[in-house]
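Subject: Structure handover

Hello,

Please find the structure below. Notes on what was found in it follow.

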Amino acid sequence: MYNSTRNQSLMVSASAAILKGLADDGGLFVSKKLPNLNADLERLIHLDYQSLAVEILSLFLNDFRKEEIAECVANGYSKFRSDPPLKVQKLGNDIVLELFHGQTLAFKDMALSVLPSLLVKSLEKQNVQEDLLILTATSGDTGSAALSGIKDTKRLKAAAFFPDGAVSEIQKRQMLRESSANTTCYALKGNFDDCQRAVKGLFKDERFIEDIDARGYRLSTANSINIARLLLQIVYYFYVYGEAVRNKTIKFYEKLNVVVPSGNFGNILAAYYAKKMGLPLNKLICASNQNKVLTDFFNSGVYDIKREFKLSISPSMDILIASNLERLLYHISSDSELVKDLMEDLSTTGEFVLPERLRRKLRDFEAYSLSESETLATIKKVQAEYGYIFDTHSAVAWGALESYKNEQNDSTPSVVVSTASPYKFAPAVLEALGENVSGDLTKDLETLAQINRQELPAVIRELLVENKKEQVIESSEIQSVINAFCSGSHNEA
Ligand SMILES: *Cc1c(COP(=O)(O)O)cnc(C)c1O
């Protein structure tokens, strides 16, 4: 069962938690108890990826049958061009865990390719008659991954809204490419905040909700706080541990550090869950870009968002409110009243202070941040040393690991989580490598592929051929475009 981080006694089943996303009191759903897999570890880590995913999810999804979970997992990962859906590279004594081999070349595909099937099953289990209309404001990665996962899924429709002119050319093309009968996207005039405001406004607009309901839809969001996304992310930490044993980086039962480029704190929280479930992990190293709220929190116990928001070359980590940190606060305190108070402090004063007695519970974590120039220098250095090219997000993780090694005497091998393909952020990567950036997408991507001594990935090549034009709308038009989108499908059905 799942309870809200802000109210221990508010409990729901797995399918209800997946469908709701957010608890009614504004808290996030957490599992009452984490299973311990210690006794079964040696068998689990040698399973193939999908079987491992089914075993782990079965421990959490109390009202799903194993065969149902297997169907959702198989369906989701069939969209990947590689099996397993990830790759592992060895750099020196450490391991790079590449999680970007899905349709949109970023790690969000790992969870968002499976989530739609779980949502559909949850609709059935909760006896919901309406279909789901998933609306999302996006600065790039979440929108494309959500559309890609939802495309062609019965009972789900999705629309993504992105700021006109403010997402990368590749991200825009990806969203347009993933548009279909049941998925769509719009460029909204304004910045990301305007998009978010317009979408959030819809969830509070009773007349709009009635209109949508009359068309047979219930509103939902593809936000990053759905518990199912976290559960799906636990799997790859178990899997990479098995890989580290198989490629002799460690012996079975030796420990690994994990380094995660973090924004909303979801990916690294899944690593924390894996550790609590008995996976032999040593330090969880939280890597941030220049928006280093998390670094400051782990080093001082104060979470302070009263600071300038900076746009960086690792935009998917440009976040001041790391939503999933609320879950960590709950797990280290087991005190939903405290979590509620801290969240209240954050929204009224712009900061919260972790009680001193809980500081030592953060010892699983280390935190480091990189400036923009350090990030660029890291890409250059790793390419020179190993011939390996990181994207701008993953480079932040590698740089954080180097800082950790310089400061602390720890020879534990580390897994550096790589969250995006370098091709997705080609201009910044080329700049880091000291190459000329032409501004012509095709040319820049080909230059990068050449330096990387690789063929351009097929998903990227397809984006270069197809070039649909985006629809640009004013935020005042958002209701009418959604209404039109919903009636369209109604006729089709
Ligand atoms: C979303 C994202 C992140 C941040 O992950 P969180 O789970 O939000 O901490 C890092 N890198 C890339 C490329 C992403 O898309």
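A salt bridge here is a side-chain nitrogen of Lys or Arg within 4 Å of a carboxyl oxygen of Asp or Glu. A search of the whole structure finds 30 of these salt bridges.

First, the ground rules. This is a predicted model, in which local features need pLDDT of at least 70, side-chain atom pairs count only at pLDDT 80 or more, and totals for chains, interfaces and linings use all residues. Residues are numbered from 1 along each chain as its sequence is written, and side-chain values use heavy atoms, with hydrogens and water left out.

Confidence: pLDDT is the predictor's confidence in each residue, from 0 to 100. The chain averages 94, and 99% of the residues score at least 70. Over residues 489-493 the pLDDT stays under 50, and the model has 4 contacts (heavy atoms within 4.5 Å) for them beyond four places in sequence. Where pLDDT is low, the predicted coordinates should not be read in detail.

Salt bridges: Arg6 pairs with Glu326, with the closest N and O atoms 2.8 Å apart. Arg6 lies in the loop between strand 1 (2-4) and strand 2 (7-12), while Glu326 is in helix 14 (residues 325-333), so the pair ties together parts that are 320 residues apart in sequence. Helices (H or I, at least four residues) and strands (E, at least two) are DSSP runs, numbered from the N terminus.

Lys125 and Glu68 also meet in a salt bridge, at 2.8 Å from N to O. Lys125 belongs to helix 6 (residues 115-125) and Glu68 to helix 4 (residues 66-77), so this pair joins parts 57 residues apart in sequence. Glu68 is buried, at 10% relative accessible area, whereas Lys125 is partly exposed, at 27%. Buried means under 20% relative accessible area, exposed over 50%, and partly exposed in between (1.4 Å probe, protein chains only).

The charged end of Lys125 also sits over the ring of Phe64, 4.9 Å from its centre; the test is NZ of Lys or CZ of Arg within 6 Å of the ring centre and within 35 degrees of the ring normal.

Aromatic pairs: there are 18 in the whole structure. Rings of Phe, Tyr and Trp (its six-membered ring) pair if their centres lie within 6.5 Å; planes under 30 degrees apart count as stacked, over 60 as edge-to-face and the rest as tilted. Phe161 and Tyr186 are stacked, because their centres are 5.6 Å apart and their planes at 20°. Phe161 is buried, with a relative accessible area of 0%.

Regards
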